[in-house]
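Q: Could you walk me through this one once it is on the screen?

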Amino acid sequence: MTDASEHEIYRAAIRGDRDAFETVIRSFSRNLFAIAYGILQNREEAEDVVQDTFVKAWKSRWRVRDAEKFPAWLSTIARHRARDLARRRRPEPLPEDFESSETVEFESAGQKADLDGEVRSALAQLPELHRIAVTLRYFEEQDYGTIEQTLGLTNGALRGILGRALGLMRKRLKPALASIG
Amino acid sequence: MATIHEQIDELLAADLHDELTAAERDGFHAHLVECAECRQAFQEGKNMNRILNETIADKKADLGFEQRMISRFRDRVPKRSGLISLVADLLRVRAVQLTAVAALLLALAQMGKMITGESVVPALRNENLMLMSELQSDRDTPGESRVSGVLAKTDGRSKGDHLMAQNPPAPPPQDKPSVNAPKPQTEALRSVAKTKTNELTDEKTPTSAADTVTESEYAVEPSASSSANSVAANRKLVRNATAELEVVSFDESIQKITDFAAEDKGYVATTSSEKQANGKLRGEVVVKVLPDNLDRFLQKLRGIGELKNQALTTEDVTKAYFDTESRLKNARLMEQRLIEILKTKSKDVADLLEVEKELGRVREQIETMQGELKFMDSQVAFATVTITLAEKNMNIPAAFLLKEKAQLSLYATEVEKTYNEIKTLASPKVQITTAQIDRDNTGRVSARLSLLLAPEESEAVINKVKGMARVENFQVQTQRVSQGGDGLGENAKTERDKVELNITLSRDEQEQSLQQTTLRVRTSEVNEKTKQLRTIAEQQNGRIRSSSFSRDPNGREYANVSLRVPMKNYNALMQSLNTLGKVENVSVHRDDRPNAQIDEASAPADVSIQVYSQGNIVSEETGVWATLRRTIGQGAAALMWSARMIGVALAFLAPWVLAITGVGWVMRRVSRARRERKQAAEDKTGLS
């Protein structure tokens, strides 16, 4: 799909063309799912968020002035909704809580424990945007440019974000990685 | 390379995600060869990338995810019908929204105007303007054939002209003149029609009555060959006139009228007169004159006196007359026939009777009709003039009656006694019509009497009553009532009617004093001096009305005494008061009643006296301490006052301050939350 035809579809969707909007759903639902999952770390909730996002987007689509920013706008809605949901679910700030419990688990379970859980906890400790970037990249394996467009980032910003995210995770998971290595 | 080493995380990630340019990758890999640390990191990163790919891959959305999203979206957002969705979409456009709001406002304004009825006026005004311009254009081009209804109203004359110019063949004229159907074939004819209409309007003018008939005949039937005179002669006209005259002398006028009637070959039919109470005559004369002389006769009548009123009527009985005449002719023929039948065919008695009966009926008809004709003839032969005569100054009164009403208010010490005294005055010439005495529950007594006095006795009786008690008020009202008319009757005599006298009696306690005095007397022994005051009052014919005594905490004593003395004793009383102590604060108030006829010497004067002592405690109101105390007291009072003002100001401002602070607090909270969120987002991006 070229940029021009994409923009055409966005514009049609904004005007209220349902077919165009469904095309948008088809091409963006996975991205939004990745974003929502990045924040919530829960598939069912993430799916609900994506669902709500599209309904809300349809209802307030006329607010979008610039068709180019349509994807970024969609992801903003999804992020807000996911964040609302997360806040409702966990009123207390999670980082310390998470870290302590995870470290306890990590130590008690021994070095060869659930690697999956470790990765997840490492991921959970990343800042929100970093988390989203990681899920987007590993879920859909899109190139950096596409992800930047989805998140509304400036050109080249994602490289720094992902580098830092993976670096942080690498340091967290160092013992596990070393054992594997 | 130092930069590569510092950026190891970024480059590592990009390398793993295949996002490095060829040059970057070469540089990166070259560095890895050199740097053991980064090599280690690279190894770890590769491992982690693998783990991430493995662990996260199964968390991603399943295959049917998009389809599920779409179908759920369809469920939750049902398709709307074309028009509604179009309208809904349209309403989302800002320009459409603005237009809608503007239209709504305009509609509201229009509705308001409609309700208040404002819009109607300008519309009408416009219409009028339009009509005016139309009219203008019409005048400018007289040949134009536009004749609208409104135009006709605004300028009827011009419309008439237009009509005449346009209606070429008018319908043939009827037997009666009609304004609406002129026959304008020539200019001359049209002018005739115009004059005719003018004259028809003032039909009542007496001189033109006969002329009107002839001229209208001529105008309507210009082709008729019969001359005006013959038409007039064949007409049967009943002319009647009424006139109302004011004359100096009734009898003289009757004489003159009789003379006039004789001159004009007429006669006086009836006379009637009536004498008024003031000796003036009023009456009616009915005169019959020949119709041709009627106008002249009326002219003469004006010479007799002032013409107040005149009316002349003409009734055309031509049709009725000739109808009756022809019916009479027919009836006579019928009579002849019946007589013939009676003569020739006299066989059957029943038939005969029938014919006789019919003959009787016809003859009766003939007689009635003959009578009618005779009556009409007499009516036509003579014009009836009814003259009402009234002598001048009809309304001068015959006599005057002087009615006198007197009102006397008295103050008596003993109301009942005076009341009974007045009652003893009763005699044939002094009649008491009402007498009433009221006593209310507070013991107040008042009485009211009404007397009718013979005129010659009235003054004596009134003076006698006046002597019985103090007079508060005396009023006499005289009214001259004219009998039988109004105006100034120079010769009418005046009679005195009986005098009506109303007396009210009240106790002198209720009388308002002529003078009120208040004063204070300072003395050391209040009780003693008050007793003394009482004796002084008694000596001076005074009466104590109220007294009180009090003592305050400082030991000061007050006695308040109010008393009433006759004015003549007032000065003596004031003199003797000086013996009681030091007289202070004298104030005198006097009610002067300039026009009241009162006896000043015996009029009451009220004196309120306060006898008081200084008290046995030395006043604390002087000296340094007192001054100091006062100053502090005043200062404290001022302080309290200002505190109260501050309280008021606080109460005044507090709700506003609270409200504004609350709003400010909420706004600060909101903006802070927003800033924090933004900050967090920035932090996260900034971390990288």
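Q: Which residue is the bridge partner of Val285(B) in strand 5 of chain B?
A: The partner is Ile387(B); strands here are DSSP runs of E of at least two residues, helices are runs of H or I of at least four, and both are numbered from the N terminus. This is a predicted model, in which local features need pLDDT of at least 70, side-chain atom pairs count only at pLDDT 80 or more, and totals for chains, interfaces and linings use all residues. Residues are numbered from 1 along each chain as its sequence is written, while chains are lettered from A and ligands numbered from 1 in the order in which they are written.

Q: How many bridges join strand 3 to strand 5 of chain B?
A: Eight bridges join strand 3 (residues 281–289) to strand 5 (residues 383–391), and the two run antiparallel; two strands pair if DSSP finds at least two bridges between them.

Q: And in what order do the five strands of the sheet come?
A: The open sheet in chain B has the order 2-3-5-1-4, with mixed pairing.

Q: Why is one side of strand 2 and of strand 4 of chain B left without a neighbour in the sheet?
A: Strand 2 (267–275) and strand 4 (306–316) stand at the edges and have a single partner strand each, so one side of each has no neighbour there.

Q: Switching to chain A, what does Ile35(A) contact, leaving aside neighbours within four places in sequence?
A: Ile35(A) is in contact (C-beta atoms, placed from the backbone, within 7 Å) with Ser75(A), Ala78(A), Arg79(A), Ala82(A), Ile132(A) and Leu136(A).

How values were computed
Two residues are in contact if their C-beta atoms, placed from the backbone, lie within 7 Å.
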